[in-house]
Amino acid sequence: MTRYPRYMRGYGATPPDAAWPNGARVAVQFVLNYEEGGENCVLHGDAASEAFLSDIPGAAQWPGQRHWNMESIYEYGARAGFWRLHKLFTSVKIPVTIYGVATALARAPEQVRAMQEAGWEIASHGLKWVEHKDMPEAEERAAIAEAMRLHEEVTGEAPRGWYTGRCSENTVRLVAETGGFDYISDTYDDDLPYWREYGDRDQLIIPYTLEANDMRFATAPGWVTGQDFFTYLKDAFDVLYEEGRAGAPKMMSIGLHCRLIGRPGKIKGLMQFIDYIQGFEGVWTPRRIDIAKHWAEHHPHQRYARPSQMDRETFVAYYGGIFEHSAWIAERAFDRELGPAHDTAIGLHSALARVFRIASEDERRGVLVAHPDLAGKLASAGRLTEESTSEQASAGLDMLTDAERARFTQLNTDYVAKHGFPFIIAVRDHNKQGILNAFERRINNDSATEFAEACKQVERIAELRLADLLP
């Protein structure tokens, strides 16, 4: 049994209406990462200096040594950049979410006080601003717990949001398992929040961004001037605003760093962007925690039995009859690669139909033969499956006149005699007369053509049946 954990579908073609407060067309959410004092540094007990997200070209870690230039660049973020950004956002009365590295916050009492007095949310950005990809699971779990403990000690409140950034494949699960967070942001996979299930925990995910992010001042390809940053943010906003005007409101995350956008030559673009969006009606600029509370209230998670999480017996019990009297299709599908993308009607139909399509001709013919005649003897005797009974009734085939019944009986007899299997049609796509017309037309096809058409109809019947069971 293979299970593929990545979820490539998302909301699909019909995302939910975010229903932002006051009918806002877009939620623009600013994140300020506070990492200064939590980065790699031998003074912090790390093996080497920092090398990530600075203005030093080609920076590399210095094992066992302090990197004086790197340290001073991070210190600029704390000493000057933070206060420039604090002045900007408080002057325009836009609250931000701080992604605060716990050890950095502990070294910044005045900055923490300023965050709190401004009414900003302080979410957790982990214990230290270091790489987690190679951390053993137990070590990372302990680091998460210590980050939560230290954060509350420093700020007086437990963090309600989490973003690691330099995370491992275990990070989101481990954070969710604490049960302590209204949201986690260690994904970049959507323009809207969504829910994930971890055991009994329904965890809200609010995706973040690495592209509408000033980190690209320190990466290639990236921004060179503040105007580059402004242009990109404006273009993103314009697209999202138009989508919101068309009835599909989204969320725009913007990532900032004190030591990057806090420089005077870079912040001008951010100032221009804030001026720009303030010229529009219907723009909500919340903290991340405000989005989390809104989503939990207006879009609470709803659990259902997910095919990719079932054991074999349950899976076959649920879906063994989707292809008429052919449980072997569900059995084979269960043994193939299933994942979250197959937990919908379209997804599971794909998995089952693929098994049917590659089956031998004799196996597929067996599926056709398993279907009952339309308005035939089994229907009269009440011996159809529940699904077939409902489907035939939907087209009025259980309410035939004597003449209609006689005509169907004759057509059934002639069709089977010619083609060797019953006439099959997705009756829910037709009314009684449409079915009869198709019957009279298709009976004249050659058997190869009719076999192919019957197989298509079998797949369509399966699709309609799954739509009754899955979203």
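Visitor: Which residues does Thr-90 touch, leaving out those up to four places away in sequence?

Guide: Thr-90 touches Ala-118 and Trp-120 when residues up to four places away in sequence are not counted. Contact here means heavy atoms within 4.5 Å. This is a predicted model, in which local features need pLDDT of at least 70 and side-chain atom pairs count only at pLDDT 80 or more, while totals for chains, interfaces and linings use all residues. Residues are numbered from 1 along each chain as its sequence is written, and side-chain values use heavy atoms, with hydrogens and water left out.

Visitor: And where is Thr-90 placed?

Guide: Thr-90 belongs to helix 1. Helices (H or I, at least four residues) and strands (E, at least two) are DSSP runs, numbered from the N terminus.

Visitor: Is Thr-90 buried, exposed or partly exposed?

Guide: Thr-90 counts as partly exposed because its relative accessibility is 32%. Buried means under 20% relative accessible area, exposed over 50%, and partly exposed in between (1.4 Å probe, protein chains only).

Visitor: What does the side chain of Thr-90 reach at 3.3 Å?

Guide: It is the backbone oxygen of Lys-87 that the side chain of Thr-90 reaches at 3.3 Å.

Visitor: Now the core. Which residues of the largest nonpolar core touch the most other members?

Guide: They are Phe-30, Tyr-34, Phe-89, Ile-254, Leu-256, Leu-270 and Phe-273, in a core of 46 residues. Elements that each supply at least two residues of this core include strand 2 (26-34), helix 1 (68-91), helix 6 (226-245), strand 9 (250-257) and helix 7 (264-277). Helix 1 gives the largest share, 7 residues. A nonpolar core is a set of buried Ala, Val, Leu, Ile, Met, Phe, Trp, Tyr and Cys residues joined through side-chain atoms within 4.5 Å.

Visitor: What does Phe-30 touch?

Guide: Not counting residues up to four places away in sequence, Phe-30 touches several residues, among them Phe-89, Ile-94, Ile-254, Leu-256 and Phe-273. Another core, of 44 residues, lies apart from the largest one and includes Val-367, Tyr-415, Phe-421 and Phe-439.

Visitor: How many aromatic pairs does the structure hold?

Guide: There are 32 aromatic pairs. Rings of Phe, Tyr and Trp (its six-membered ring) pair if their centres lie within 6.5 Å; planes under 30 degrees apart count as stacked, over 60 as edge-to-face and the rest as tilted. The rings of Trp-162 and Phe-181 have centres 5.5 Å apart and planes at 75°, so this pair is edge-to-face. Trp-162 is in strand 5 (residues 161-162), and Phe-181 is in the loop between helix 5 (171-178) and strand 6 (183-184), 19 residues apart. Trp-162 counts as buried at 2% relative accessibility, and Phe-181 is buried with a relative accessible area of 0%.

Visitor: How are Phe-237 and Tyr-276 arranged?

Guide: Phe-237 and Tyr-276 form an edge-to-face pair, 6.0 Å centre to centre, with 80° between the planes. Phe-237 lies in helix 6 and Tyr-276 in helix 7, so the pair ties together parts 39 residues apart in sequence. Phe-237 is buried, with a relative accessible area of 0%, whereas Tyr-276 is partly exposed at 22%.

Visitor: Changing topic, where is Thr-209?

Guide: Thr-209 is in the loop between strand 8 (201-205) and helix 6. Thr-209 counts as buried because its relative accessibility is 4%. A polar contact of 2.8 Å joins its side chain to that of Glu-211, and the side chain of Thr-209 also reaches the backbone nitrogen of Ala-212 at 3.0 Å.

Visitor: Last one: what phi does His-325 have?

Guide: His-325 has a positive phi of about 50° although it is not a glycine. Most residues other than glycine have a negative phi. His-325 sits in the loop between helix 9 (312-319) and helix 10 (327-334), and His-325 counts as exposed at 58% relative accessibility.

Notes. A polar contact is a pair of N or O atoms within 3.5 Å; within protein, one must be able to donate a hydrogen and the other to accept it, and residues adjacent in sequence count only if both atoms are side-chain atoms.
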